[in-house]
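Trainee: I have a new model on my screen. Please show me how to read it.

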Amino acid sequence: MDGDNKTFSGDFTLTGLFTHSKASGFLFSILCVIFFMALISNGFVIFLICRDSRLHTPMYFLLSQLSFIDMLYISTIVPKMLVDYMWGKGTISFMACTAQHFLYMGFVGAEFFLLGLMAYDRYVAICSPLTYTVFMSHRVCWGILASSWFGGALDSFILTPITMSLPFCASHKINHFFCEAPTMLRLACGDKVICEMVMYICCVMMLLIPFSVVTASYTQILIMVHQMKSVEGKKRAFATCSSHMMVVTLFYGAALYIYMLPQSYHTPMKDKIFSAFYTILTPLLNPLIYSLRNIDVTGAFKRVLASCRGTCGVTREEF
């Protein structure tokens with residue numbers, strides 16, 4: 001094979017989420033704020049859940065794992081973007097691109113499965129509360145977590161080798177802000193039929209099935225809520241479910257566009273925008289929608305503050 005035309009290695013160039021322009025400094029600042037707010041809010045949720053024994057329940061255990069995954073996969077993408085903008089370079093080596101592809105596929109795949117199983121948890125809690133302790137026992141929670149990580153890892157171990165082992169054309173310019181699977185596939189040369197087929201099957205398993213579980217679970221929950229007699233409880237439940245469905249739809253919807261929509265509907269700018277929704281915005285929205293607006297979490301926050309104030313008061317008296 002001619003090394004000048006096709007290659008399995010070498011450096012790529014990422015164009016980034018936005019170009020250097022008058023507004024790029026502002027966009028860079030917004031991206032920095034989103035990244036650090038996502039890390040802080042998710043880390044804070046994990047801290048509260050670990051600290052407060054009242055939050056040691058299946059739902060909050062799964063929420064803490066969701067926050068952990070969000071911190072991991074946003075950290076595989078955004079820091080590289082920020083450094084590239086500051087240095088004015090978008091170069092990424094073949095090995096670094098492969099590592100980024102492998103990690104993000106594993107983390108985001110685990111979240112796809114975890115969100116589906118979390119919706120099942122809410123379905124059991126609301127629609128079958130008497131059996132909740134049986135269907136969501138400690139062992140089941142760990143099984144849900146293990147199956148989510150296994151699904152993400154399997155997806156990563158399958159898609160990364162077949163995508164990154166393809167020969168790449170002479171142009172190594174990636175018109176994207178990270179090494180996303182469909183973008184790398186478009187850049188590759190040669191016969192891609194098998195790779196595209198495997199990616200489609202993986203996407204059905206990773207996206208459509210969990211999203212179907214989420215949709216079915218929340219549909220049953222909304223039916224149950226509609227039958228509630230308490231008007232105030234009904235409003236609160238509808239508000240919670242609608243906010244959850246909004247975030248989940250944003251997450252799955254953007255990913256479905258990227259991975260399952262025919263290529264004729266794609267443009268580089270659309271791909272960047274939709275990818276930013278599920279890789280950058282969702283890790284910020286998840287803790288705000290699922291946790292920080294929750295009465296139990298805000299109560300835990302108040303108890304932590306009270307504990308800190310009490311400790312400070314005792315220390316001053318001793319001094």
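Mentor: Start with burial. This is a predicted model. Of its 319 residues, 45% count as buried.

Trainee: How many helices and strands are in the protein?

Mentor: Count the elements, then read their order. The protein has eleven helices and three strands. Along the sequence the pattern runs β-α-α-α-β-α-α-α-β-α-α-α-α-α.

Trainee: What share of the contacts comes from residues 24 or more positions apart?

Mentor: Look at contacts with a separation of 6 or more. Residues 24 or more positions apart account for 79% of them.

Trainee: And the surface? How much of it belongs to carbon and sulfur atoms?

Mentor: Take the total, then the share. The accessible surface of the protein is about 16,200 Å². Carbon and sulfur atoms hold 70% of that.

Trainee: Now the cysteines. Which ones form a disulfide?

Mentor: Check the sulfur distances. A search of the whole structure finds one disulfide. It joins C97 and C179, with sulfur atoms 2.0 Å apart. The pair links distant parts of the chain, 82 residues apart. C97 sits in helix α4, residues 94-127. C179 lies in the loop between β3 (173-174) and α7 (181-187).

Trainee: Is the link of C97 and C179 left-handed or right-handed?

Mentor: Read the angle about the S-S bond. It is -125 degrees, and the link of C97 and C179 is left-handed.

Trainee: Are C97 and C179 buried or exposed?

Mentor: Both C97 and C179 are buried.

Trainee: Why is C195 too far from C202 for a bond?

Mentor: A disulfide needs sulfur atoms within 2.5 Å. The closest cysteine sulfur to that of C195 is in C202, 9.4 Å away, so the two are too far apart for a bond. C195 is buried, with a relative accessible area of 5%.

Trainee: Why does C32 count as buried?

Mentor: Buried means under 20% relative accessible area. C32 has 17% relative accessibility, so C32 counts as buried.

Terms used: Residues are numbered from 1 along each chain as its sequence is written. This is a predicted model: local features need pLDDT of at least 70, side-chain atom pairs count only at pLDDT 80 or more; totals for chains, interfaces and linings use all residues. Side-chain values use heavy atoms; hydrogens and water are left out. Helices (H or I, at least four residues) and strands (E, at least two) are DSSP runs, numbered from the N terminus. Buried means under 20% relative accessible area, exposed over 50%, partly exposed in between (1.4 Å probe, protein chains only). Contact means heavy atoms within 4.5 Å. Accessible areas come from the Shrake-Rupley method with a 1.4 Å probe; for residues, only the protein chains shown count as cover.
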